[in-house]
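Visitor: Please take a close look at one part of this model, the sheet and the aromatic side chains around it. I would like one connected account.

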Amino acid sequence: MLRLSFTMEDNPGLSRETIRRYEAMFQGAFYRRFILGEWAQAEGLVYDFFGPELVREVPEGLGGPWYISCDYGTVNPTSMGLWGRKDGIWYRAAEFYYDSRRERRQKTDGEYAQDLAALAGGRNIQGVVVDPSAASFLELLRRQGWPVVRAKNDVLSGIRTTAELLRAGKLVICSPCQDAIREFGLYCWDTSGTGGDRVVKEHDHAMDDIRYFAATVAAKNGGSFFAGSVERDSI
């Protein structure tokens, strides 16, 4: 099979000004679809505005305070993110992501604690924000001396908070966090018609750890700028 990909940049009939105008009209999945020409899913995405144009490189001189957010899983993937702050903006600078199904081996709490220490890289971590249901992992981290914080876990409120922080540029995902970037393009609302606003429980592990951090730490330290919300489209 031969696949040929073209973008607006390849169209000699469009001026530079026209291309820039169209680029400014779209965000997220629609930017990927209509500007970059990718086969990107759009209907039902939770963060439908998120796309490559919002991803940044890790800024030089990124410092503390440092936090780690964690969505813990045994059979399901475990996702952790390392967060630093610069000029009032929180950057997810690095991540750890382990899928036991894909790797065909489950890790112990102790092994995940070692992975967390490797992600911290000797930095002075102010808090490890953990899924409150991960009782055994929370207790192990506490015994090892980590400053554990139980994450706020209201899903819809957390999604709204995360979206507003991302839109306001107060929460930034950096390019090394490829699993988080991948999940942003897959994390969807449940459109099965079962009632209520709920998300599909797939591709949500990095999404959950990001939501934990946004609701528990970034919202508290990011200022009061939550003017809007992310809502599921009417079905």
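Guide: Two strands count as paired if DSSP finds at least two bridges between them. In this predicted model, strand E2 (residues 78-86) and strand E3 (residues 89-98) run antiparallel and are joined by 9 bridges. Within this pairing, Lys86 stands opposite Ile89 of E3.

E2 and E3 belong to an open sheet of 6 strands, ordered E5-E4-E1-E2-E3-E6, and the pairing in the sheet is mixed. Strand E5 (148-150) and strand E6 (171-173) are the edge strands, each pairing on one side only. From one strand to the next, the twist averages 30°.

Now the aromatic side chains. The whole structure holds 12 aromatic pairs. One of them is Tyr67 with Trp90, an edge-to-face pair with 5.7 Å centre to centre and 80° between the planes. Because Tyr67 lies in strand E1 (residues 63-71) and Trp90 in strand E3, this pair ties together parts that are 23 residues apart in sequence. Buried means under 20% relative accessible area, so Tyr67, at 16%, counts as buried. Trp90 is buried too, with a relative accessible area of 1%.

Tyr47 and Phe49 also form an edge-to-face pair, with 6.3 Å centre to centre and 90° between the planes. Both residues, Tyr47 and Phe49, are buried.

The charged end of Arg123 sits over the ring of Trp66, 4.8 Å from its centre. Lys107 lies over the face of Tyr98, at 4.6 Å from the ring centre.

Note on methods. Residues are numbered from 1 along each chain as its sequence is written. This is a predicted model: local features need pLDDT of at least 70, side-chain atom pairs count only at pLDDT 80 or more; totals for chains, interfaces and linings use all residues. Side-chain values use heavy atoms; hydrogens and water are left out. Helices (H or I, at least four residues) and strands (E, at least two) are DSSP runs, numbered from the N terminus. Axes are lines fitted to C-alpha atoms, for helices over the stretch in contact, and angles run from 0 to 180 degrees between N-to-C directions. Rings of Phe, Tyr and Trp (its six-membered ring) pair if their centres lie within 6.5 Å; planes under 30 degrees apart count as stacked, over 60 as edge-to-face and the rest as tilted. Buried means under 20% relative accessible area, exposed over 50%, partly exposed in between (1.4 Å probe, protein chains only). A charge sits over a ring if NZ of Lys or CZ of Arg is within 6 Å of the ring centre and within 35 degrees of the ring normal.
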